[in-house]
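Subject: Structure for your review

Dear colleague,

My notes on it follow, and I would be grateful if you read them with the model open.

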Amino acid sequence: MNCINHVNLEFPSASANEGFARAAAACFAAQLDPTLEEVNDIKTAVSEAVTNAIVHAYPDTLGKISMKLRIREDHSLEIVVKDWGVGIEDVDQARTPLFTTGSEERSGMGFTIMESFMDSLRVRSLPGKGTTVTMRRIIARRAGR
């Protein structure tokens, strides 16, 4: 599927950048004229993906996170969040609700939340090499546009 527009961002895995990533994704998605609910869903999914990279990929150090945003011909938004951190040993287990490798404060619902707010979610990871999360959301065309 052809890309109509795209942007690539790269930022350190500092927790302050989670809000930046949310806002950037929402601003980029605005060109698709999403509803407020669609924007909130996108922001929530991005927040979960970036927070996972911050907390789990680089538990003891700052690392690099990239976020690629693409608008596709089918009126969808594709979001790719990538890190070069510790990776995930067992992706299927990590996608299980309530599973976490984090502290007691972590809910273990990140992938479940991403999946529930997006039309598709793909997770690729190699231990010691990092993780790539690809999410896609079709933005409904509203009457009159």
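Strand β3 (residues 76-83) and strand β5 pair in the antiparallel sense, over 8 bridges. Within this pairing, D83 stands opposite T131 in β5. Please bear in mind that the model is a predicted one.

Strand β5 also pairs with strand β4 (residues 120-126): 7 bridges join the two, which run antiparallel.

Is β5 enclosed, and to what extent is it buried or exposed? Of the 9 residues of β5 (residues 130-138), 7 are buried, so the strand is largely enclosed by the rest of the structure.

The sheet as a whole

The strands described above belong to an open sheet of 5 strands, in the order β1-β2-β3-β5-β4, with antiparallel pairing. Strands β1 (3-12) and β4 stand at the edges; each has a single partner strand, so one side of each is left without a neighbour in the sheet. From one strand to the next, the twist averages 10°.

Elsewhere in the sheet, strand β2 (residues 64-72) runs antiparallel to β3, and 7 bridges join them. In this pairing M67 stands opposite V81 of β3.

The order of the elements

The protein contains 4 helices and 5 strands. Read from the N terminus, its elements run β-α-α-β-β-α-α-β-β. The protein has 145 residues, of which 43% count as buried.

The helices

Two packed helices are described by the angle between their axes and the distance between the axes. For helix α2 (residues 36-57) and helix α4 (residues 110-117), the angle is about 155° and the axes are 9 Å apart. An angle over 145 degrees counts as roughly antiparallel, and α2 is therefore roughly antiparallel to α4. The crossing of α2 and α4 is left-handed.

Helix α1 (residues 17-29) contains A25. With a relative accessible area of 0%, A25 is buried, because residues under 20% are counted in that way. In sequence A25 and L77 are 52 residues apart, while in space their C-alpha atoms are 9.4 Å apart.

Side chains around rings

How many aromatic pairs does a search of the whole structure find? The search finds 1 aromatic pair. F11 and F20 form this pair, which is edge-to-face, with 5.9 Å from centre to centre and 85° between the planes. Are the two residues buried or exposed? F11 counts as buried, at 5% relative accessibility, whereas F20 is partly exposed, with a relative accessible area of 41%.

A ring is also involved in a contact of another kind: the charged end of K64 sits over the ring of W84, 4.4 Å from the centre of that ring.

Yours sincerely,

A colleague

Notes: Residues numbered from 1 in each chain as written. Predicted model: local features only at pLDDT ≥ 70, side-chain atom pairs only at ≥ 80, totals over all residues. Heavy atoms only, no water. Buried < 20%, exposed > 50% of the residue type's maximum accessible area, 1.4 Å probe, protein only. Pairing = 2+ DSSP bridges. Phe/Tyr/Trp six-rings, centres within 6.5 Å; stacked < 30°, edge-to-face > 60°. Lys NZ or Arg CZ within 6 Å of the ring centre and 35° of its normal. Axes fitted to C-alpha atoms, helices over the stretch in contact; angles between N-to-C directions. Parallel < 35°, antiparallel > 145°, perpendicular 65-115°, else oblique. Left-handed = near helix turned anticlockwise from the far one by under 90°.
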